[in-house]
Amino acid sequence: MTALGISEPELDLALRMTGDERYTRIEKQKSNGEKRIVYNPKNEIRKIQRRIKNRIFKTIIEWPDFIFGSIPKKNNSNPTDYVACANKHSGAKSILKIDIKNFFDNIHENLVREIYVNFFSYPDEVADILTDISCRNGSLCQGALTSSYLATLALHDVETSMVEKLKRKKLIYTRYVDDITVSSHEKDYDFSYASNIIENTLNGKELPINTTKTSILYSGSEALLVHGLRVNTPSTRLPTEEIRRIRAGVKNLEVVAGENGYIWTLGYRREYHKHLGRVYKLKRLGHTQHVSLLARMKKITPRPSRRDLEITIKLIKKIKLSFATEKEKFWFRRRYFVAIARLNFLGSSKKYKRKSEILRGYVKKFKPKFLE
């Protein structure tokens with residue numbers, strides 16, 4: 001574990017922990033009302049997983065151009081988000097969508113170990129340790145810092161050859177974590193071959209298909225959407241109804257901003273940033289309306305209050321008190337940058353600008369050690 005900068009006592013402590021001791025179970029509500037189970041790693045596990053992510057996954061791997069989501073982008077001109085993924089399918093006339101069922105849960109430790117041995121060429125002993133740290137009770141879990149990278153690597157030895165076969169049929173393939181999309185520029189394309197080859201490839205890795213989310217779409221019968229974006233056009237764009245919702249959201253925000261005192265509240269701030277993100281989605285897609293909408297939102301930016309100042313001062317006091325003993329811990333680093341973000345917000349107001357500058361100079365005395 002020298003390459004990860006982890007001491008033997010730290011590693012021994014982590015390996016002695018059971019799967020349930022390593023994580024805190026959290027239930028999150030999905031937009032469709034279903035529950036998603038996420039496991040938050042304890043500090044002892046989080047530290048090692050962060051080192052694996054930063055020193056192995058982020059530096060060694062060169063990802064193929066059909067993989068998107070949860071991987072680092074190479075540069076600003078080559079993003080790996082859902083928009084870039086959808087862009088691959090611009091101009092499509094037929095689309096096949098396949099979803100891998102319970103993706104993380106179905107990636108078992110034998111497959112994880114195979115990745116560490118065959119992809120990274122680590123010796124058995126090292127692979128065993130990395131597999132142990134990466135898994136919870138025999139499989140990957142949502143929430144672990146290494147899970148998305150390992151899930152993306154699950155098909156490392158079979159996916160490229162499969163994509164080449166699909167290319168020979170003039171098909172475009174992408175995978176965004178567990179969402180597979182195949183598109184054709186031909187109308188009413190028969191995806192039987194593509195569906196069979198993908199299903200056989202996934203079965204070989206013991207990854208079942210979620211048949212309820214598998215679908216074939218054809219241009220003309222309905223809008224072709226990939227990750228919520230229209231692709232049956234020369235360039236990827238948002239559906240018309242989504243653009244209307246964004247405009248309506250900004251209009252509603254302008255109304256509530258005029259209500260007495262609401263612009264100074266946390267609730268308004270959350271609503272503002274939610275709508276701001278949607279407007280920036282328009283910018284990301286090159287939609288001309290983002291310019292006017294951003295100008296309108298600039299006039300109704302959230303305002304800091306006396307309460308924000310008091311909360312920030314309390315946070316800085318906690319940082320000072322815990323600096324001597326906790327400065328190398330992840331949560332301390334997080335608390336520090338939350339304080340910096342709050343000071344930035346305070347500094348946006350003339351009323352609190354000077355005070356925020358003084359507090360910033362003070363809190364920088366307790367800057368945490370950089371965590372890899």
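The entries below cover the pocket, one serine and the nonpolar cores.

I worked on a predicted model, in which local features need pLDDT of at least 70 and side-chain atom pairs count only at pLDDT 80 or more, while totals for chains, interfaces and linings use all residues. Residues are numbered from 1 along each chain as its sequence is written, and side-chain values use heavy atoms, with hydrogens and water left out.

I found a volume of about 890 Å³ for the largest pocket (an open set of points on a 1 Å grid over the protein atoms alone, where a 1.4 Å probe fits, with protein on both sides within 12 Å along at least five of seven lines; lining residues have an atom within 4 Å of a point; the volume is the space filled by probe spheres set on the points, which are joined across faces, edges and corners). Its lining has 21 residues, and K30, R36, Q142, D178 and K213 are the closest to the centre.

Serine. I placed S184 in strand β6, residues 179-184 (strands are DSSP runs of E, at least two residues, numbered from the N terminus). S184 is buried at a relative accessible area of 2% (buried means under 20%, with a 1.4 Å probe and protein chains only). Beyond four places in sequence, S184 touches A92, K93, S94, L171, Y189 and F191 (heavy atoms within 4.5 Å).

Cores. I noted 59 residues in the largest nonpolar core, where I52, F57 and Y116 are among those with the most contacts (a core is a set of buried Ala, Val, Leu, Ile, Met, Phe, Trp, Tyr and Cys residues joined through side-chain atoms within 4.5 Å). Apart from it lies another core of 27 residues, including Y268 and L276.

Definitions and conventions. Helices (H or I, at least four residues) and strands (E, at least two) are DSSP runs, numbered from the N terminus. Buried means under 20% relative accessible area, exposed over 50%, partly exposed in between (1.4 Å probe, protein chains only).
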